[in-house]
Amino acid sequence: MFLEVDLVRDAKRHGKGVVGIYCEFTPRELILAANALPVCLCGANNRTIPPAETVLPSNLCPLIKSSFGYILTNRCPFYMVLDLVVAETTCDGKKKMYELIAEKKPVHVLELTQKVDEQEAFDHWLAEVRKLRKRLEQTFNRTITDDDLREAIRMMNKERGLLKEAFELGKEEPAVLTGKELSDIRYRVAGVAGHLKMLDEFISEAKRRKETGRFAAKAGAPRIMLTGCPTAQGTTKLIEVIEECGAVVVAQETCSGLKPLDLMVDEDGDPLEAIARKYFKLPCSCMTPNTGRTELIERLAREFRVNAVIDLVWQACHTYNVESYLIDKFVREKLGIPYMKIETDYSDSDRERLKVRVQTLVEML
Amino acid sequence: MLTCGVDIGSRSIEIVLFDGAAVVETTVANSGSSPVENAKKAFSDTLSSAGVRREEVAKVVATGYGRNYFKEADTVSSEILCHAKGVSYLFPTACTVIDIGGQDSKMISLDTNGRVSNFVMNDRCAAGTGKFIEMVSLMLDVPLDSMGVVTEVSNEVCEISSMCAVFAESEIIGLTQSGTAVDVVLRGVFRSVAKRTLAMSGKVGLTADVVFTGGVARNAGVVRAIEHETGLKLLVPPEPQITGALGAAIIAASKA
């Protein structure tokens, strides 16, 4: 599999646009339809946090600090070559960080309305998605037709479908894949044929494991659902700790797992509206009330037969941190299984402390 | 049948030799800079002072921070489960455990069978733990063992409002320099430890009987401060710091 960095540079050399994104709310289809590459920018490394803290307050979530640290030190290889950053008004920290990035690179911010059940909120979001189409047309000096959008929708649905198929292998019992292995299958550039091929191979290999009885965890290993903040590659310490304690993470209700894969974009009807609809329904904790998350947790808990739910909150992620109260109640009272919240950051220094908690939970199951 | 519990904590090591019904021998040692080595020595010391050969010990369970590195152990268990086990052996009516050790504080709720039903542990922060009290002991030049007696003399207390051990230190310096008496400062420190610990009770509840374990439970000043804040009488084992090792030894007996 070719390196993401090489792929992006190669595309750039051939005159393709590069658009940096940070969040699962970004409608990647629009970027693909503009003949540009949507690329997830770096933000999953503890080492870029100290430089970020020379500008940002230290009591901000590690994801924001690490992302900004990459920009500040010019260490993100994608950031150097991008034409535009597309961002959304999700949490306050990110929203204001985008204003700082805008000092250095062109940034387009979509105003994400946050009352998911209201028509007016959706109408506004749709208008924002429409404005992004215009902005991309101007940036890359081309017209995005509805047919371009439909083709991009099919491509992204195919990619999401394969990722979903891979993550749904977590339903197997005994587990054929560890949560750590599943965390490694995401690719930072969307809509790449080579990535789809790699996913195909990954899925076939996992199925072969099942046929040959090569399981990823012992029979009877506790099955854990991870929910909460995303765990991009490089920030999977909690998944590692859970699996070192003898349990297996079978379901990931996070933006780095199943959360953005649950819904596809409708391939019929007005393509722009279908795109806006899919992204608007992402059950992120910045939405209010975020009832979609408990519905998804309930469904995944049943389908993946999980024994406990562990909620990851990156330090100073206020929305997930506060929402954890509701998730705690929901998991214990409605689902009747144990729940544990873990608040931590990107550093490795608390691994042993995390192990005490996780091992206790695992021994209790 | 003999079993052994080994609790390798951040500040101290406790060893309990158990005969299936009662404690045979206990050892307490410092963790120091090589806790696993020191645990090995404490383990063999315990055996020799009890006059027991290694092969007579049917099972060894390790707990505490060093648990995964102690090669003499047959198996490991989390200290939360070990403390719960030790407490329900000592006090069968216990419903809640407050455990304050060298760098952790924990609250554990027990079901009617003495099993852990819920627990909460402090985040990565020294305030409200044994290490913080040790630091205050050095700053104010009051030995750890005398702290309880020193604070018995009155009820006058001062406010320590910092949530962080480092900032609390500067706050204490400010108080002593402005002439606040040492016992008043100490009562303020103990009250802040009590408040920090009890902040965790929102998650697990505080149902009597409440048992206080861990090295900090030896400090009568902290016991009084928690009792004052909760209005509850705390049950404290005679050797509160060995509770985890005792629980480990009992778990070992049930697995042997």
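Reader: Is Tyr89(B) buried, partly exposed or exposed?
Author: Tyr89(B) is partly exposed, at a relative accessible area of 33%; buried means under 20%, exposed over 50%, and partly exposed in between (1.4 Å probe, protein chains only). This is a predicted model, in which local features need pLDDT of at least 70, side-chain atom pairs count only at pLDDT 80 or more, and totals for chains, interfaces and linings use all residues. Residues are numbered from 1 along each chain as its sequence is written, chains are lettered from A and ligands numbered from 1 in the order in which they are written, and side-chain values use heavy atoms, with hydrogens and water left out.

Reader: How many aromatic pairs are there over all chains?
Author: The search of the whole structure gives 5; rings of Phe, Tyr and Trp (its six-membered ring) pair if their centres lie within 6.5 Å, and planes under 30 degrees apart count as stacked, over 60 as edge-to-face and the rest as tilted. One of them joins Phe18(B) and Tyr89(B), edge-to-face, with 5.7 Å centre to centre and 80° between the planes.

Reader: Which parts does that pair tie together?
Author: Strand β2 (residues 12–18) of chain B holds Phe18(B) and helix α2 (residues 79–90) of chain B holds Tyr89(B), so the pair links parts 71 residues apart in sequence. Phe18(B) counts as buried because its relative accessibility is 2%.

Reader: Turning to charges, what lies over the face of Phe122(A)?
Author: Arg277(A) does, at 3.9 Å from the ring centre; the criterion is NZ of Lys or CZ of Arg within 6 Å of the ring centre and within 35 degrees of the ring normal. Lys278(A) lies over the face of Tyr279(A), at 5.4 Å from the ring centre.

Definitions and conventions:
Helices (H or I, at least four residues) and strands (E, at least two) are DSSP runs, numbered from the N terminus.
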